[in-house]
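Hi,

Here is the structure I promised to pass on.

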Amino acid sequence: MTSKLSLPPTLQTRRLVLRRQQPNDALLIKEAVDTSLPHLQASVAWAQSAPEPLRVLQARLAASAAAFDAGDAWTFSIFDQALTRVLGGVGLHRPETALISLVGSGALELGYWLRADAIGLGYATEATARLIELAFSRLRAQHVVVCHDPANTASEGVPRRLGFRCLGRVTADVLPGRQAADGTIRPETMVWVRDAPDVLGSRASGMKDSSFRRKPGS
């Protein structure tokens, strides 16, 4: 993968529009986050800093847009078809060295979130399915990875429905620095992997059981 690889700034699915994060959407994103704080702060570490001033959010969105254009990360806001309401967010980014060592080269990490009143409607699965397709076809990824806190059991529904295989609970000595929802460093991370079609026959590459420790019974 190189920085020349790119994605379109706007994507459509059956019910959703995915649009590259940008400062002009700050008000809609802030509304989605601020009205869902109890849900988000129980699920993701980044929500601990919310609510944040509009100017701070606008600066973050400008940085996100720059990273998108540079081919370093691809983060989208999830909109309804009318583009009047942000339902959540979804994105791909290049993982750290420890995760690459675990799952193999050519990996991209996938993340997603939804506002509280958009949960249970299949939006996260619909949005991530579109992004996974493009990760393989446009970004030439060999693996797409989902990592989450084992306590956040709701997050595992998306990779499970989309055919990811579960590597189990990976300990912090193998995958350090991952944050729990409260911002502390979590001792274990649940890791899911989906391979590109051309590497499905060679799953063993970089993924030996001895490379990490699973919790007994996982």
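Below is what I found, starting with the overall layout and then going through the parts one by one.

A word on the ground rules. This is a predicted model, so local features need pLDDT of at least 70 and side-chain atom pairs count only at pLDDT 80 or more, while totals for chains, interfaces and linings use all residues. Residues are numbered from 1 along each chain as its sequence is written, and side-chain values use heavy atoms, with hydrogens and water left out.

**Overall layout**

The protein chain has 6 helices and 8 strands; helices (H or I, at least four residues) and strands (E, at least two) are DSSP runs, numbered from the N terminus. Going along the sequence, the pattern reads β-β-α-α-α-β-β-α-β-α-β-α-β-β. Of the 218 residues in the protein chain, 50% are buried. Here buried means under 20% relative accessible area, exposed means over 50%, and partly exposed is in between (1.4 Å probe, protein chains only). Among contacts between residues at least 6 apart in sequence, 71% join residues at least 24 apart, where contact means heavy atoms within 4.5 Å.

H1 covers residues 26–34, and its buried residues are Ala-26, Ile-29, Ala-32 and Val-33. They sit on the same side of H1 because they cover an arc of only 130° around the axis (the arc is that of the directions from the helix axis to the C-beta atoms).

What do the buried residues of H1 pack against? The list is helix H2 (37–41), helix H3 (54–70), strand S3 (73–80), strand S4 (86–93) and strand S5 (107–114).

The axes of H1 and H3 come within 10 Å and cross at roughly 110°. That makes H1 roughly perpendicular to H3. Axes are lines fitted to C-alpha atoms, for helices over the stretch in contact, and angles run from 0 to 180 degrees between N-to-C directions. Angles of 65 to 115 degrees count as roughly perpendicular, under 35 as roughly parallel, over 145 as roughly antiparallel and the rest as oblique. On the H1 side the contact is made by Ala-26, Leu-27, Ile-29 and Lys-30, and on the H3 side by Leu-54, Leu-57, Gln-58 and Leu-61. Those residues divide into 6 nonpolar, 1 polar and 1 charged.

**Some buried residues**

Ser-77 is in strand S3 and counts as buried at 1% relative accessibility. Apart from neighbours within four places in sequence, Ser-77 is in contact with Val-17, Leu-18, Arg-19, Gln-21, Ile-29, Gly-88 and Gly-89. Ile-29 is also one of the buried residues of H1.

Leu-131 is in helix H5 (residues 123–137) and is buried, at 0% relative accessibility. Setting aside residues up to four places away in sequence, Leu-131 touches Leu-7, Leu-11, Phe-76, Val-90, Gly-91, Leu-92 and Leu-110.

Leu-110 itself lies in strand S5 and is buried at 3% relative accessibility. The partners of Leu-110 beyond four places in sequence include Thr-128, Leu-131, Ile-132, Val-144, Val-145 and Val-146. For Leu-110 and Val-146, 36 residues apart along the chain, the C-alpha separation is 5.4 Å.

Most residues other than glycine have a negative phi, and most peptide bonds are trans. Which residues does a cis peptide bond join here? They are Ala-50 and Pro-51, with omega about 0°, and Pro-51 is in the loop between H2 and H3.

Leu-83 has a positive phi, near 60°. Leu-83 lies in the loop between S3 and S4 and is partly exposed at 34% relative accessibility. Arg-140 also has a positive phi near 60°; Arg-140 is in the loop between H5 and strand S6 (143–148) and counts as exposed, at 58% relative accessibility.

Cheers

Definitions and conventions. Nonpolar A, V, L, I, M, F, W, Y, C, P; charged D, E, K, R; others polar.
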